[in-house]
Amino acid sequence: MTTFKSACPLNCWDSCGFVVEVENGKIVKIDGDKEHPITKGKICGRGRMLEARTNAEDRILYPLKKIDGEFQRITWEQALTEISSKLAEVRQIYGSTAILHSHDYANGGLLTKIPNRFFNCFGGATELIGSICWGSGIEAQNWDFGNAASHSPEDIYNSKNVIIWGRNVTRTNMHLFAYLQEVKKKGVNITVIDPIYNGTAKIAHSYIPITPGMDGILAIGIIKELLQLDLQDKNFIQNYTVGFEDLVDLTDSISIEQIEKMTNVPRETITNLAQIYSDGPTATYMGLGMQRYGNGGNTIRLIDALVAVSGNVGVPGGGANFGNTQVGQSFDSAALTLPERKKESRAFVMSEQAEKILTASETPIKMIMVSCGNPLTQVPNTALVQEAFQSVDTVVVLEQFMTDTARLADYVLPSATVFEEEDIYYSSMYHHYVNYGPKLVEARGEAKSDVWIWTELAKRLGFGEDFEYTREEFIEMGLGSLQDRGITLELIKEKGHVPLPVKLVPWHDFSFTTPSGKFEFTSSLGEMKGYDGRLQLLYPRESIYSDKELAEKYPYSLLTIHPLRSNHSQNYHLIEGLQTVKVEISKDIAEEKGLEPDDRVRVYNDRGEITGKVQILKESSPNIVCIDEGQWHIFGGSVNNLTSHQISDNGLGSTLYDCLVGIEKL
Ligand code: SF4
C-alpha cells in the first residue's frame, strides 16, 4: 500500500486536499490531507465516492458506437477516424459553428480548458456562454465592485457577526461550517437566512425563514432601517460610492409593511438585522440559489448594497462573499485556449442551448460534442433538451458512465478519472489554494484522458502540432506569469498546495475596478451593456407579484438544491439509497393536502412532472417544495423536468429556482 497526496476535482466550494491509498495499481481509499491549510484533513462523502467512481463495475471502459439503437464496442481508431471525419464534413458543408460544444464543470482541473483550445484551432464552434450555476451573481458583483472577490477563509476570525444568506454550508461548503463552529465558541454571532431550516441553521444564534426569491427585498428593508436609525457608514458612502441617491429613491418606493409581507420576515427581525450589520465587522456569505431567479442579479446587487451601506466592504471580518473569481483569474487561460485561432464563432446561452439548437436556422446544429457535463439531467427544461439533442445528426459524449446524456449519444468515448491523469485543481468559489493531483494509477480498460482524446482528434484534423505538448507543458502554459512569481509546477508538486497571489481582504484600499473606481450602487457597466444600471424592485418571474394567474394555478415554490451525497448527477447510480425522488414539502402543504411522510406525489407544472416520495420539512418558509437536483431518468428523472430555461436579469444566468409547481397525492 502506498499513500499519495492528491486533490478533489469536484465542482465545489472547498477544493480539498486528499491523501489517497493505492494498492496493486488500484485506488483503495481516499481521505483528507491534514496538512492542507484550509481543508485540514476533512473531506465529504462526495469526495470519498471518487474511489467508487474509479473502480465501479459499470464504468464505461471502451469506445462505444450506437448501431441500430444499441451501443457496440468499437476501437479507438474507428471512433477517432469517424468522429474527426464527421467534424471535418460538417465544417466543410455548414461551417464550424454547425458544431456545438456543450461543456460544463464536472471537473475543476486546469486542463479542462483544453477542449476550448481544440475548437479554437479547429476554426471555431458554437460555444456556450453564461452559466446555469452562478452567472447572475458574478455579473452583479462585476457591476458593483468590478469583480467577484471573497475574503480569505481565515478572515472570519476578524468578524463580529456572520450572516449566512442562502448557503447551506453543512452540505456544500463544509470547511466554512468548521470555521463557523470555531468562531461561535469565540463569541461570534451567527445568523442564517434561508427558506429552509438546514444543518447550518442548527448552529446559528438566529434562523430567519424567508420567502424564496425575496432576499433582495429583505436587503432593501434592512437598508431602510439602517437609514432610518442613522446607522449607515456615511464616510464610505460619501467618498467611495456612486448612485446612493438612486438607492434611497428605491428604498422610499416600498414600505416596511410591504417588505414584511413579501419576505415573511417581521419588522422586529429586520430592525435587528440592521443593528447587526451596523455593529460590525459583519461578514455576509451568500449562496448561489437566490440568484437563480429572473431577479437573481438584482438580488445579489441589493445584498452588496446592504454590505456597502453598513460599512462592511473592504474591512477585515466583513465582505459580500459570493464567488472568488480572482482565483481562476490567476491563470493564463488564453495561453491554453488560443482564442486568436478562432475564425468563426457563435454563442448560445447555456440555459437556452436546447431552444437555440431547435431554432438555429441559418447555420443548423449538425453535431454536438459534450465534455465535462450531463446536460440531459442538469440543464433546465429536460423535455426540451431531450428533443433538441435527439434532433441533431451526431452526438458525441466524453464520459465515465452511461448518464442520461451518454444514453442519447451516437458515440461515447470513455474518459479517465481524476487519479488516472495529472492536473492541478482550484475553485473560484472560496479559498485561494491551488492543489496538485498526480497520476496515481493507469486508466482502466481503454479509458483515456480528455487531453489525449482532443489531441488525437486534432492530429486527424491537421492541427496536431498545436497539441504536441505533455500534460506538464500544458499546465505550465496555464500557470503563465505565476511562474515569474515563483508559483511553478515544480513547487505545486513539491508542496501539494500553494496559495495564489490574490487579495485576502478585497477592496481594502477602497479602490474598485468599476469604471468610476468606486462602489457603484448605480452601475455604469450595466448601463454600458444596455441595462438600467439602477437597483430595482424586482420579483421572481414565477410569483404572485409577477404572474398572479400562474401563481394561482401553481401555488408552490420549487427549490432544487444540491444533493448531499452526489456532486450534481454523478453518484446516483452508485448509491442505492439515492435511487428515488425525494419530495420535501413545507408543513403547511402537508396539512393542506393531507400528506404524510412516504406518500407518493406528483409534482407538476406546464413544463413537465415528476413523481416521488414525500418528506416533510421540519421548519421552513411556507409553500415550499424541494427536490434535489441531479436524479437520473432511470431512477425517477431530473427535477429539471419542471424548471424553466429562461435566463436571469443579468449575466446570462439560469432561473432554475424561479419555478412554481402544483402537487397532488397519487
Ligand atoms: S466535494 Fe467538496 S467538500 Fe467534498 S471532498 Fe470534494 S472539495 Fe471537499
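**A tucked-away tryptophan**

Modeller: W143 counts as buried, with a relative accessibility of 4%; buried means under 20% relative accessible area, exposed over 50% and partly exposed in between, using a 1.4 Å probe and protein chains only. Keep in mind that this is a predicted model, where local features need pLDDT of at least 70, side-chain atom pairs count only at pLDDT 80 or more, and totals for chains, interfaces and linings use all residues. Residues are numbered from 1 along each chain as its sequence is written, and side-chain values use heavy atoms, with hydrogens and water left out.

You'll find W143 in helix α4. Helices here are DSSP runs (H or I, at least four residues), strands are E runs of at least two, and both are numbered from the N terminus. Who touches W143? Leaving aside neighbours within four places in sequence, W143 is in contact (heavy atoms within 4.5 Å) with R301, T514, E520, S523, L525, G526, K529, Y531 and N650. By contrast, D155 is 12 residues along the chain from W143, and their C-alpha atoms are separated by 24 Å.

Helix α4 (residues 135-144) and helix α13 (residues 296-309) have axes that come within 8 Å and cross at roughly 45°. That angle makes α4 oblique to α13: under 35 degrees is roughly parallel, over 145 roughly antiparallel, 65 to 115 roughly perpendicular and the rest oblique. Axes are lines fitted to C-alpha atoms, for helices over the stretch in contact, with angles from 0 to 180 degrees between N-to-C directions. On the α4 side, S136, G137, A140, Q141, W143 and D144 meet G296, G297, I300, R301 and D304 in α13. Sorted by class, these residues are 3 nonpolar, 5 polar and 3 charged. (Ala, Val, Leu, Ile, Met, Phe, Trp, Tyr, Cys and Pro count as nonpolar, Asp, Glu, Lys and Arg as charged, and the others, Gly among them, as polar.)

Now set that beside another pair. Helix α3 (residues 114-122) and helix α19 (residues 450-460) pack at about 10°, their axes 9 Å apart, which makes α3 roughly parallel to α19. I114, P115, F118 and F119 of α3 meet V451, W454, L457 and A458 of α19. That contact has 8 nonpolar, no polar and no charged residues.

From α8 come I220, I223, K224 and L227, and from α10 F244, L247, V248, L250, T251 and D252.

Beyond four places in sequence, its contacts are P563, S566, L578, Q579, D628, E629, G630, Q631, W632 and F635.

One last stop is helix α1 (residues 45-55), where R46, G47, M49, L50, R53, T54 and N55 are buried. Their cover includes β2 (17-23), β3 (26-32) and α5 (169-172).
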